[in-house]
Amino acid sequence: MHLTRLALTDFRSYVSADLTLEAGVTTLIGPNGEGKTNLAEAIGYVATLGSHRVATDAPLVRQGAERAIVRAAIASGRGNALIEIEVNPGRANRVRLNRTPLPRAREILGVLRTVLFAPEDLALVKGDPGERRRFLDDLLVARAPRYAAVRSDYERIVRQRTALLKSAGARLSRGGRVAASAGPAESAASVDARSGAAPSTRSGTGPAASAMAATLDAWDDQLARVGAELLAGRLSLVRVLRPHVEAAYAAVSGDRGPAGIAYRPSFALPVPGGPPPGDTAHGDGVPGGSAAPGGPGTAGMDSMGGKGADLEAAMREALQQARPGELERGVCLVGPHRDELELRVGELPARGYASHGESWSLALALRLAAYELLRTDGEDPVLILDDVFAELDAGRRDRLAVLVAGAEQVIVTAAVPADVPAALKGISYDVGGGTITRGS
Amino acid sequence: MYEGVIQNLIDELGRLPGVGPKGAQRIAFHLLAADPDDARKLAAALLEVTERVKFCRTCGNVAEADQCRICLDPRRDPSIICVVEEPKDVAAVEKIREYRGRYHVLGGAISPIDGIGPEELRIKELMTRLADGTVTELILATDPNLEGEATATYLARLIKPTGVRVTRPASGLPVGGDLEYADEVTLGRAFEGRRLLDV
């Protein structure tokens with residue numbers, strides 16, 4: 001698929017902008033701070049309903065404006081589509097597809113698929129595990145939009161359960177007394193008073209610990225049910241992504257490596273009678289043996305799983321075991337929100353060991369692998385390379401350019417034309433002063 | 001901003017659920033333009049509802065007496081209780097017109113973020129109602145969202161030892177709707193709970 005038009009109103013620095021696009025390579029050239037990345041960000045927003053730079057929508061709206069509007073026209077094998085998104089910070093976005101309003105904004109996910117390379121990608125390798133989990137989940141949603149709901153449900157359950165653990169921990173540390181007079185009991189008291197049943201509610205309350213344990217059990221069920229679904233999705237994603245990462249790393253680094261990825265869950269996954277046959281090639285997918293000796297989840301872990309019910313049972317058991325520690329610390333310690341996608345170069349974990357160049361190769365390899373995977377699913381995603389060439393040495397720059405040059409559509413931003421490799425000379429636009437003009 | 005009393009009315013209306021600042025303004029000027037008798041009737045109804053409506057001591061539903069009309073109705077089957085979150089859910093289930101059992105209103109759902117745990121809900125009262133063995137089935141009709149599911153799970157675990165049959169309404173496709181308009185979660189649930197077509 002490719003974008004044929006991008007129009008912005010009150011988005012970031014743009015009062016309005018209208019850009020006509022074609023398949024092939026388009027380069028956007030302009031000094032820093034003139035709004036090139038804002039264009040890349042807008043395209044990414046249409047695909048993911050999120051920004052790669054900020055966690056909230058408020059910065060996306062031009063200062064002084066109430067809302068931003070992004071319009072994108074897409075041509076794909078399934079026909080043309082026009083997406084219009086009204087970005088309303090703090091409120092629900094309004095989304096129209098081919099002029100028809102969608103009941104939920106997230107139903108637009110999957111219509112435009114993009115893979116965005118940005119300077120921030122270095123954090124995929126050097127940053128917190130949360131960066132890598134987000135990479136996996138974003139890709140999961142791009143491939144199967146229903147995971148957007150799974151993901152947001154899971155995040156809400158974690159928040160609910162964390163709130164419960166914190167209040168429960170506080171109660172227990174106060175000596176296990178029933179917190180009858182503690183804060184939130186007011187609403188119940190008033191309901192009880194109205195129903196005339198006030199005396200019966202408080203008397204006969206069992207020990208605080210067992211009542212709280214029962215409530216935790218109920219949230220454990222939710223966490224395990226939705227968590228297992230998310231985990232199963234991530235495990236099968238890592239399984240299909242791995243060969244692409246290995247190949248992409250070799251290509252972009254000039255046959256250095258090998259590099260690999262392995263999913264490291266926060267609890268021991270079920271072992272279904274040893275690794276399945278034909279999967280031995282992944283035996284060396286075990287990260288270097290340097291990390292987590294005897295820790296949860298080691299050999300060939302991501303070649304199994306996928307069985308939702310087994311995962312759910314295993315997660316429930318792990319939750320039972322972790323409970324004392326969770327109560328003590330007031331944190332959810334088990335589940336996909338604590339998992340790690342481990343990256344490895346040679347025998348060493350990338351984080352902390354990889355050089356700057358190796359880290360860049362690995363970050364690019366992850367994005368390229370995402371691109372290859374989305375491609376094999378069906379349509380070519382739109383590739384966006386936002387200011388990345390300036391970050392790379394000449395070798396990586398040229399190899400990356402050759403790797404992406406064949407994509408259906410590539411949108412490149414750079415501060416100076418010299419940053420763009422020769423393989424990616426396409427239609428050029430100058431970006432500056434809030435306007436976009438066709439260059440020479 | 002308007003003169004004191006008008007602004008006052010607009011502010012009060014604006015605090016109601018589902019009424020924004022513009023809606024509040026519209027209602028306020030509608031009341032001003034309408035027959036003063038209409039406004040008086042509305043005021044009287046508001047006063048009456050706050051003074052006369054109580055909560056049923058058995059089920060927690062809204063009632064004008066000590067107990068609600070459903071709990072007082074001898075034709076309602078005392079062996080089935082439908083558990084819901086709010087009194088408005090009772091009205092929703094009553095629309096079926098075929099459910100002949102009784103109700104229990106919890107007064108919300110378990111939500112630790114909002115400080116609502118089982119102690120804040122009318123769960124003790126529910127257990128009391130189950131004690132004498134009359135009730136044989138409990139229908140857990142809490143909302144099909146995360147908090148509702150957690151509440152249903154909590155109750156199911158709590159009630160299991162009593163031997164009372166615990167059921168939950170199915171989630172699925174809206175009747176009379178188009179398949180293509182169903183969201184992916186609903187559709188997924190509906191596929192999960194598919195039935196054998198026995199012909």
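Let me begin with A:T114, which is buried at a relative accessible area of 14%; buried here means under 20% relative accessible area, with a 1.4 Å probe and protein chains only. The model is predicted, so local features need pLDDT of at least 70 and side-chain atom pairs count only at pLDDT 80 or more, while totals for chains, interfaces and linings use all residues. Residues are numbered from 1 along each chain as its sequence is written, chains are lettered from A and ligands numbered from 1 in the order in which they are written, and side-chain values use heavy atoms, leaving out hydrogens and water.

A:T114 belongs to strand β8 of chain A, residues 114-117; strands are DSSP runs of E with at least two residues, helices runs of H or I with at least four, numbered from the N terminus. Beyond four places in sequence, the residues that A:T114 touches include A:I43, A:L374 and A:I384, contact being heavy atoms within 4.5 Å.

I turn to the nonpolar cores, sets of buried Ala, Val, Leu, Ile, Met, Phe, Trp, Tyr and Cys residues joined through side-chain atoms within 4.5 Å. The largest has 104 residues, and among those touching the most other members are A:F117 and B:L155. Helix α7 of chain A, residues 208-253, gives the largest share of this core, 19 residues. A second, separate core of 40 residues includes A:L116 and A:I436.

Finally, chain B. Strand β4(B), residues 101-105, is largely enclosed by the rest of the structure, because five of its five residues are buried. Strand β3(B), residues 77-84, runs parallel to β4(B) and is joined to it by five bridges; pairing requires at least two DSSP bridges. One bridge partner of this kind is B:G101, for B:D77.

Note on methods: Buried means under 20% relative accessible area, exposed over 50%, partly exposed in between (1.4 Å probe, protein chains only).
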